Amino acid sequence: MFETLLTATNLTGNEFLILTVIVVVAGIVRGFSGFALSAIVMASAVIILPPVQLIPICWWLEMTASVLMARGGWQVADRGVVAGLVIGSTLGVPFGLLLTTSISVEASQLIVLTLIIVLAITQLAKIRLAFLATRAGLWGSGFAAGVATGLASVGGMVIAIYVLSQDAPAAKMRAALVLFLFVSSLTTVIALLWFGVMDSTAAARGLSLAIPTTIGVMIGQWLFIPRFAAYYRPLCLSLLCALAGTALLRTQFA
């Protein structure tokens with residue numbers, strides 16, 4: 001059965017096992033923080049697969065996590081804000097996909113990893129931009145998240161920067177991220193199919209990694225204790241920087 005799975009996913013046994021470990025860790029972070037699943041997968045797995053192949057895999061993983069976490073997001077999140085972000089993201093995704101399918105694997109890896117590092121450092125520095133609190137900031141953040149999703153499947157990181165600018169409680173911020181990622185995933189798949197990025201191999205990879213992702217998300221949800229949120233979040237972002245930085249060095253000096 002394992003050989004059949006490897007044939008369907010077009011992966012070696014070692015590659016599949018490494019990806020399994022990566023998605024469990026990414027699921028734990030997603031279950032706790034509400035975002036960063038795709039960013040961790042991109043930063044860690046970019047050495048195994050190019051970004052254009054990781055993007056549809058991340059879609060399946062994000063959808064799996066979103067289904068598990070959507071209920072809490074719907075109840076707590078500001079649905080009006082999320083709607084604006086989703087509309088902007090839907091418009092931005094095709095631009096990101098056009099870019100990632102038009103450039104070389106090396107260039108896309110460099111852009112993806114650099115983007116992850118910059119976004120993570122921005123959040124660690126707790127940079128808040130007043131512009132983001134405006135209507136234009138809402139739509140602009142959504143559009144930028146869509147481009148980032150199409151380019152590197154890290155739109156959640158962009159949305160996290162927007163949410164941080166609102167000074168919302170931790171639970172409400174997490175809920176907005178969860179709801180955005182759930183709803184935006186429904187619209188993103190259309191663009192993935194249109195550009196031919198989502199194929200049978202991508203679906204097999206995503207579905208086969210959905211179970212370990214589920215385990216990770218459930219562990220992360222169990223770990224989400226609001227009074228400890230201030231400690232966990234910087235740790236997650238620091239992990240992202242370390243993973244992306246290591247992968248970036250490997251791509252440049254390989």
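This is a predicted model: local features need pLDDT of at least 70, side-chain atom pairs count only at pLDDT 80 or more; totals for chains, interfaces and linings use all residues.
Local features need pLDDT of at least 70 and side-chain atom pairs count only at pLDDT 80 or more, while totals for chains, interfaces and linings use all residues. Residues are numbered from 1 along each chain as its sequence is written, and side-chain values use heavy atoms, with hydrogens and water left out.

Helix α2 (residues 13-33) packs against helix α3 (residues 37-45) at an angle of about 150 degrees, and their axes are 8 Å apart. Helix α2 is therefore roughly antiparallel to α3 (the term applies to angles over 145 degrees). The crossing of α2 with α3 is right-handed, that is, the near helix is turned clockwise from the far one by less than a right angle. Contact (heavy atoms within 4.5 Å) joins Leu19, Ile22, Val23, Ala26, Gly27, Val29 and Arg30 of α2 to Leu37, Ile40, Val41, Ser44 and Ala45 of α3. Of the residues in this contact, nine are nonpolar, two polar and one charged.

Threonine 100 belongs to helix α5 (residues 79-100). Threonine 100 has a relative accessible area of 4% and is buried (under 20% relative accessible area, with a 1.4 Å probe and protein chains only). Leaving aside residues up to four places away in sequence, threonine 100 touches Val52, Ile55, Ser108, Gly150 and Leu151.

Helix α10 spans residues 200-208, and its buried residues include Ala202, Ala203, Ala204, Arg205, Gly206 and Ser208. At the start of α10, the backbone nitrogen of threonine 201 has a side-chain oxygen of aspartate 199 within 3.3 Å.

Technical notes:
Axes are lines fitted to C-alpha atoms, for helices over the stretch in contact, and angles run from 0 to 180 degrees between N-to-C directions. Helices (H or I, at least four residues) and strands (E, at least two) are DSSP runs, numbered from the N terminus. Angles under 35 degrees count as roughly parallel, over 145 as roughly antiparallel, 65 to 115 as roughly perpendicular and the rest as oblique. Ala, Val, Leu, Ile, Met, Phe, Trp, Tyr, Cys and Pro count as nonpolar, Asp, Glu, Lys and Arg as charged, and the others, Gly among them, as polar. Buried means under 20% relative accessible area, exposed over 50%, partly exposed in between (1.4 Å probe, protein chains only). A polar contact is a pair of N or O atoms within 3.5 Å; within protein, one must be able to donate a hydrogen and the other to accept it, and residues adjacent in sequence count only if both atoms are side-chain atoms.
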